[in-house]
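Here is a short report on strands and how they pair. Take a look at the model, then read on.

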Amino acid sequence: MTDYRSPLLDWPGAVEAGGADAGTAWHYGDPLGEQRRAVAGAGLVDGSHRDVLVVPGPDRLDWLHAICSQHLSALTDGDSTEALVLSPNGHVEQHWQLTELGGQVWIDTEPGAADEVLGYLLKMRFLKRVEPAVVTAGFAVLSLVGPKAAEVLERAGLPVPTTRAVALPGAGFVRPALSAGGPVDLIVERVELPAIADRLREAGAHPTGSWAAAALRVERRRPRLGADTDHRTLAHEAGWIGSAVHLDKGCYRGQETVARVQNLGKPPRRLVLLQLSGDSEQLPSPGSPVERDGRTVGFVGTAVQHHELGPIALAIVKRGLTDQDVLSVPGHSAVLDPADAVVELPTGFAGRAGSTATTA
């Protein structure tokens, strides 16, 4: 949405974010406190700048199944998942979150991506009975992160999802977290956004800006398309195998690369968590080089100040790096988090039992 400004920027202490999150709050005056309150309770994150699309039509599930990386043909009412659109060479181009509900598939995606997503859907429609459309003007995303999300929803008089999305009165729905520790999402009518946000806040949700939300996401090593990826990123490198890429389904664009990397077991790069030295108050910007002995070995994605870990960042680096390597990013020295010291390959790589990768 061009020049979007969220009504939640009128809440006390709100400071607007820049970049991809412009139009929403970067923080509400206490970004580290917002992280702590979200970890202990429930943080309300404004995702109303995200783009939302719907795909109705009797052919929707089989058709979407054929044009993205996820197994969608067997989704039933209330099922949610995530998926990627890959280039012919297997590079990640789009990241979708999907929910099948009420006879249509809902897709929410990165801010500003609606035209690209709709263009791809229309290009791939052929003679299928589907009618994809952008509905961002009518619907908005809110998220609750933290262990008390269900408690807040219940106190607010809103449905609590367990394993399936639940429809909201009127229109929209509440979707359970798509990953461990991830947010519970609400897709609400845009005209109801201020009222529903107020209800959640009154029920105990703490206003949480994109700074705090990013810090918790980085801690969980969850990449964001565009911030933690580049034009060469493969699904294996970003950790999307299993969550957004299904290894036992029919052909789709880019699948040959997925299968080849899966069978060889050697993605050239991998997503890691960097611990930064804190030598500078200025955090490196996305795309900044990661260097070892003066040679570039990767790039920085999202860099944030974490309430416990201090300055940290996601980075995509050469797969052979370990926590013994002394690295540098602009303004900081850096090391891999100990949990990323050893290269862990997803289950199913060649040489392990149970491989389901196939070639197209």
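Two strands pair if DSSP finds at least two bridges between them. Keep that rule in mind for this predicted model.

**The open sheet**

Five strands form an open sheet, with antiparallel pairing. Their order is β5-β6-β7-β4-β8. Which strands sit at the edges? They are β5 (80-86) and β8 (133-134), and each pairs on one side only. Take the β5 edge. Strand β6 (residues 92-101) runs antiparallel to β5, and seven bridges join the two. Within this pair, T81 stands opposite L98 in β6.

Now turn to β9, which covers residues 139-145. Is this strand mostly covered or mostly open? It is mostly covered: seven of its seven residues are buried. In a regular strand, side chains alternate between the two faces of the sheet. In β9, F139, V141, S143 and V145 point one way. A140, L142 and L144 point the other way. Residues of both groups are buried.

Strand β9 pairs with β3 (residues 43-47) in the antiparallel sense. It also runs antiparallel to β12 (residues 184-189). Strands of a sheet pair through backbone hydrogen bonds.

| Strand pair | Bridges | Facing residues |
|---|---|---|
| β5 and β6 | seven bridges | T81 and L98 |
| β3 and β9 | five bridges | G47 and V141 |
| β9 and β12 | six bridges | L142 and L186 |

Look again at V141 and L142. V141 is the bridge partner of G47, while L142 stands opposite L186 in β12.

Conventions
Residues numbered from 1 in each chain as written. Predicted model: local features only at pLDDT ≥ 70, side-chain atom pairs only at ≥ 80, totals over all residues. Heavy atoms only, no water. Helix = DSSP H or I, 4+ residues; strand = E, 2+ residues; numbered from the N terminus. Buried < 20%, exposed > 50% of the residue type's maximum accessible area, 1.4 Å probe, protein only.
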